[in-house]
Structures are given as structure tokens and as C-alpha cells.
Amino acid sequence: MLSKIVRTVANQLVLFILIFGLYVIAHGHLTPGGGFQGGAVVVSGVVMLLVAFSSQDLKKSVRERVLSIMESTGALIFAILGFAGLGTVFFYNFLVGSPIFGRIPPTGPNSGDFWTGGFIPLMNFAVGLKVIAGLSAVVLAIALFARGEEMEE
Amino acid sequence: MDFLVTNAPILIVALPLVAAFAIPLISLSRGGDRGRNVFSLAILGLIVFLVAILARDVHAVGIRVYTFGATAAELAIPHGYTVPVRIIFEVDGMSIFMGLVITIVALASLIYSLHFMKGQTGQARFYSLMFLLYAGMMGLAFTGDMFNLFVFLEIASIAGAALAAYRTNRADAVEGGFKYIVISAISALLVLFAIGILYAQYNVLSIAAIAHFMQHTTLDMIALGLLAIALVMKLAGVPLHMWAPDTYTVAPAGTTPMILAASYTSMYALYRVTFTLYGGLINTTTIGWIVIIVGVLSMFIGVMMAVHQTDIKRMMAYHAISQGGYMLLGVGVGLAVITNPAALANYGRDAMNGGIFHIINHVFYKALLFMTAEAIFFRIGTRDTNKMGGLARNMKWTAAFYVIGALAISGIPPFNGFASKLLIYETVLKFSPVLSVIAMFVSLVTLASFTKVFYAAFTGPELPAYKKVKEVPKSMIIGMSILAAFIIFFGIFPGLIVNTIVAPATNALIDQAGYINAVMGAVP
């Protein structure tokens, strides 16, 4: 555990990191980034907490069970979105033209319309969820193993 | 029904993926263990059905192309394009042949594991990884583009390594898993580098499209070398076999057959690369001879290393390397004479039939043997043959299955090993008598080594320590008997099997133009 100054600053900063991570996930279909990158940004916040506090403290608030459910759910949402297009072909972008992310962007350089991309932004969210849960579990497990402990079974 | 047949290629890969991620959730709920087992069996049952109808369709109609995200599954090339841009699955006779091999082994392994894993920790992860490994292998067999070949190779490798290291409380298991992941990572890097070379030159990733535009430049030859090294490493061909004994030995029984099947899926990838991607190569004779030499080396060195092993699974693992050599030998002979129509019709095609038939035979009997070895381990807790003895008294089924497997691997009629080995001996004799003699000699040594272990483990006086040893639980017997039934069936009706599933696979490998046209033929 580091000094009180570090802990307080980390506590405040983690919110901004979270927001930036979600921004990268949400704009994955417009700007560089996406589910994996945004998820990794969020997990960098978890790593910061891990440094500022101790791994035991974090273990109390981040439970393996929750991470496991989050990870599986993310993967399942991704797969279900693929299956949803099965009326035509697997991975068919069935949301194009619908009110949710359904707009078709103009050709050529443009400022970028958030409500485009069909199910790709949704898939980014699903991947983001999976990456946040999976990478958090990985860094937490490594931190705990380094101290000779294990995550709960 | 039409819907199912059309979408079968993707469902066969996507359903196991869904199952892999649903299993942890189901296991967390109340009564999760039972629910998970039922769910796993139901999903795999559905997949077996899908593979069966897809196999019927591919054999009746021909290559089936599945394009992701297109407006129609067959539309490989979008309107206004001249090359395929989407992800494509392309299922031909060879792909569906591998699909059948993997699916039957997966079914037997899953049923075997139900009792085998009972009471162990981390079962949710075990089944989850089993389905991931299955999805990776099926994807590798079905994929129609190079990049997904890499992706599915990685999925299968990571799942396989995690499964090999499943018994984390044993140091040798961690070592086996670690070796597998290192080997897989190196081969995946080589494959990725090769794909980069091909993509930089032809700007396409579809196997059919690359084969269509293939110029056989020096860079292409470098890519071929990288792919060949990577895939030979993954299929445990001598001299890149050092990981196989460690990994096969330590993996839990239900998964050893799956990891074995993963090795032969890499062999499928090697055939796909040499026959389809580089099919029109002027100098196939050289490539064929390289495959033959790797095969003969694997055969000979594998069996020589196996003879003196005292760990029963390690012995079988070395035999797996040796038997892999037979497949490479058979197909290598076919590849060496592929440009010579007379020789191809005379013996080349039959040699390939033998080599490919040996894949399915070997995976079945070696899976059975691994399962019997692990059944012994399950009951007496050791794999050392010096510590075994008289086990046939109490483990009659296991002993019987071991005998079936041992006779099949040694090529004794009426078991399936005889059928494919005879095909290989006869055809290779016409190509080069020396190779045939080596193949027969290796078979003899195989028989000797399995007989030795049989006497050590199953016969002899009853050891006091094993007086109370019981037969293994029912689900393990069912798992083994599925494979034993296939072994005997294939041994009695080899002609039927060769005509229905093996010959289409051989034809699919030889018919490079057909594979290309299934995708590129749609060019307007």
C-alpha cells in the first residue's frame, strides 16, 4: 500500500480512466480503438489501483465470480449478435437501416456519425466487457500469485 | 433442413464457441455440475448431427462455400469485386473428413470425461476448454482463408496447452503444457509471417484466391518453408517432435485424444498448403520427397524411442510420432508423383488414400490406447509399467480395449490399422521398395513394444497392492467402446470406408482447380 496522497489521487483518477476507456470502446467504429483497446485502457485503471492499494484489498471488492460471469456474458453477447444475422447469413449486419446505429454514413471524408455501423458498436461493447473482465482477472491473479496467494476457487 | 445444411459450416464452429462461454455460467448455478454435463452432451449431439448432414451434402453435391456477412452464403465475391473480401469457410471432401475424425473423437472424449473428471476442481474450465479446442480444430479444418487458419490454430493451441497443464498440482503437467504453448507460439509466429509474405504479394487472404494468383516467386518459397516448418512442428514430425511425448503424457485422458487430433488437424493444414495453396508447383517431386523423408524419419525414430519407455503414456506418445510418419509417407508418395498421371493412377492415388485413411484409423486407436492407459492411471495412480501387473484380472474391459488398440496399431487383421497400412505398404512398394520395407519393420517393432507393455501391465500374478482395483466407471467404458466399435467396423469394411469418406478426401486434395473455382469461379 502506498501513501495516502497516492491512494487519494488514484481513487479520483480511476473515474477518468474509466470514462476514457468507455469512450474508446464506444467510438471503436469511428476512431482507432475498439473493444479490446478500450477494455485495456479500463484495466490500466485497475492496475493503478493495484499499485496504489494492495492486491488483498482489491480482491475484496473484485470477486472472481463476478469477473467470470462478466467475461462469459461478453463473449455470449458477441456470439448471439452473430447468430442474430442467421436469417440471412451468420454475421450479417442486420441493424443497418434500423434506428439503433442504423444510419449509413456518406462516402468520402466526413466528421463521423456516431449512429452508424450496425451491430459493430454493439460487438465492441461485448468485446470490451470481455476484455475488462478477462484482463482484470489476469492482472489480479498475477499480483496475487506474486504474494503466494490464490484467487478463490 | 436446407437452412441447416446451408448454415452447417458456421454452426459447427459457432455452437461449440457458445457452449464454451455458456458452460462457466451454467456451472455457477445450482445443480450446475449435472446441468453442465447434460448441456455439453446435448450441444455435442447436435453438432454430430450437423456434421453428418454436412458430410452427406458435401459428398453428394460438392464443395460448400460459406461467406460470413454476405447477403447469401454462396456469394463469395461481392458484386463489383473480382476477389473475395469476406471471411470464407470452404468445406470440401478433405475438410469434412477431418471434421468427422475430430467430431467422433470429441464425442468419445467427452463421454469418457464425464466420470473421469467427477469430483475434480475446475471442471467448468475443463469443459469450456474442451469446446474451445473443438471449435479451434473444426475452424482450422473448414476455414477458406489464410488468416483464419492462423486464428483457429491459435485457438486450438491455447486451449490445448491449458488442457495439457490441467493437473496444475503436478510439475510435469505444467512442463508439458508450457512446452506445448512455446511450440505453438513459435509455429503461430512463423505461420503469421508466412501469411504476411503472401498477403503483401497478392493482397488477398482467401486460400483459393492466393492459389489462383500464385506466381511461385522466391518469396513464396520462403513462405512455404516457414509454413512447412511451423506445421511439421505442430504435428510432431521428427526432428521437431520433442514436445509431443511430454505433452501427450501429462494431459488428462479425455483431452489427450483431442490434443492428438489437434496435431493431425495441423497435418491437414500442411496438406492444404502443399496441395491446394502451392498445388501447381512445377517441382512437387522435391516437396513430396521432403514429406517422405520427414515421414520415414518420424516412423523410425519415433518407434525406436518408444521401445524402451517405461511410462505407458510416454511410450504411446512416441508411437503417435511414429504412426504420423506413415501418413506423411503415404501422402508424400502421392505428392511426389502428382504431376505424373500414369504413376498417380497406378499407385499415387492409392498411396494417398492409405495415408489419409491412416489419419482416421490412427486417431481412433491411439485415442483408445491413451484412454486405456489413463484408465489404469485412474485406478492405480501410476503410469510406470514396472509397477503394474495382473491388472487384466480386475479390469477386463480395459484389458480388452487395450488389446484391440494394440493389435490395430500393429497392423494385425481384422482391425483398422491393417487396412490402411496394407494400402501404404503395397503402393509404396511400387514407388520405392526400401521405404516399404522400413514401414513393415517399424510395424513389427510397434507390435513388439505393445506386447511387452501388455505382459507387464495386464498379465502375470496379481499384485497385492492392486487386489481391490475395480473396473473403471461406466461412462469411461462407453467412451472407449465407441472408439473400439469404429476400429472393428473400419477393419471389417475398409473398402466401404475408403470409397465413402477417404477417396473424396484424396480427390479434394488432388483437385486444386475445383477448390479454386468454388470461390473464384463466381467472377463475373
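Helix α11 of chain B, residues 284-307, is built from 24 residues, and its first and last C-alpha atoms are 35 Å apart, close to the 34 Å expected at 1.5 Å a residue. The structure is a predicted model.

**Helix α11 of chain B**

- The buried residues of α11(B) are B:T284, B:G288, B:V291, B:I292, B:V294, B:G295, B:V296, B:S298, B:M299, B:G302, B:V303 and B:A306.
- An α-helix has 3.6 residues a turn, so residues three or four places apart point the same way.

**Packing of α10 and α13 in chain B**

- Two packed helices are described by the angle between their axes and the distance between the axes.
- Helix α10 (residues 256-277) of chain B packs with helix α13 (residues 341-380) of chain B at an angle of about 160°, and their axes are 9 Å apart.
- Angles over 145 degrees count as roughly antiparallel, and α10(B) and α13(B) are therefore roughly antiparallel to each other.
- The crossing of these two helices, α10(B) and α13(B), is right-handed.
- On the side of α10(B), the meeting residues are B:T256, B:P257, B:L260, B:A261, B:Y264 and B:M267; on the side of α13(B), they are B:I359, B:V363, B:K366, B:A367, B:F370 and B:M371.
- The residues in this contact of α10(B) with α13(B) comprise 10 nonpolar, one polar and one charged.

**Helix α4 of chain A**

- Helix α4 of chain A (residues 64-84) has 21 residues and reaches 30 Å from its first C-alpha to its last, close to the 30 Å expected at 1.5 Å a residue.
- Its buried residues are A:L67, A:S68, A:E71, A:S72, A:G74, A:A75, A:F78, A:L81 and A:G82.
- The cover over the buried residues of α4(A) includes α5 (120-146) of chain A and also α1 (2-28) of chain B.

**Residue A:H29**

- A:H29 lies in the loop between α1 (4-26) and α2 (35-52) of chain A.
- A:H29 counts as buried because it has 20 C-beta neighbours inside 10 Å.
- Apart from its neighbours within four places in sequence, A:H29 is in contact with A:T116, A:G117, A:I120, A:P121 and A:N124.
- A:H29 and A:G112 are 83 residues apart along the chain, and their C-alpha atoms are separated by 9.4 Å.

**Contact between the chains**

- Chain A gives 17 residues to the contact and chain B gives 18 residues.
- On the side of chain A that touches chain B, 10 residues are nonpolar, five are polar and two are charged.

Methods: Residues are numbered from 1 along each chain as its sequence is written. Chains are lettered from A and ligands numbered from 1 in the order in which they are written. This is a predicted model: local features need pLDDT of at least 70, side-chain atom pairs count only at pLDDT 80 or more; totals for chains, interfaces and linings use all residues. Two residues are in contact if their C-beta atoms, placed from the backbone, lie within 7 Å. Ala, Val, Leu, Ile, Met, Phe, Trp, Tyr, Cys and Pro count as nonpolar, Asp, Glu, Lys and Arg as charged, and the others, Gly among them, as polar. Helices (H or I, at least four residues) and strands (E, at least two) are DSSP runs, numbered from the N terminus. The expected span of a helix is 1.5 Å times one less than its number of residues. A residue is buried if 20 or more other C-beta atoms lie within 10 Å of its own, exposed if 12 or fewer, and partly exposed in between; C-beta atoms are placed from the backbone. Axes are lines fitted to C-alpha atoms, for helices over the stretch in contact, and angles run from 0 to 180 degrees between N-to-C directions. Angles under 35 degrees count as roughly parallel, over 145 as roughly antiparallel, 65 to 115 as roughly perpendicular and the rest as oblique. A crossing is left-handed if the near helix is turned anticlockwise from the far one by less than a right angle, and right-handed if clockwise.
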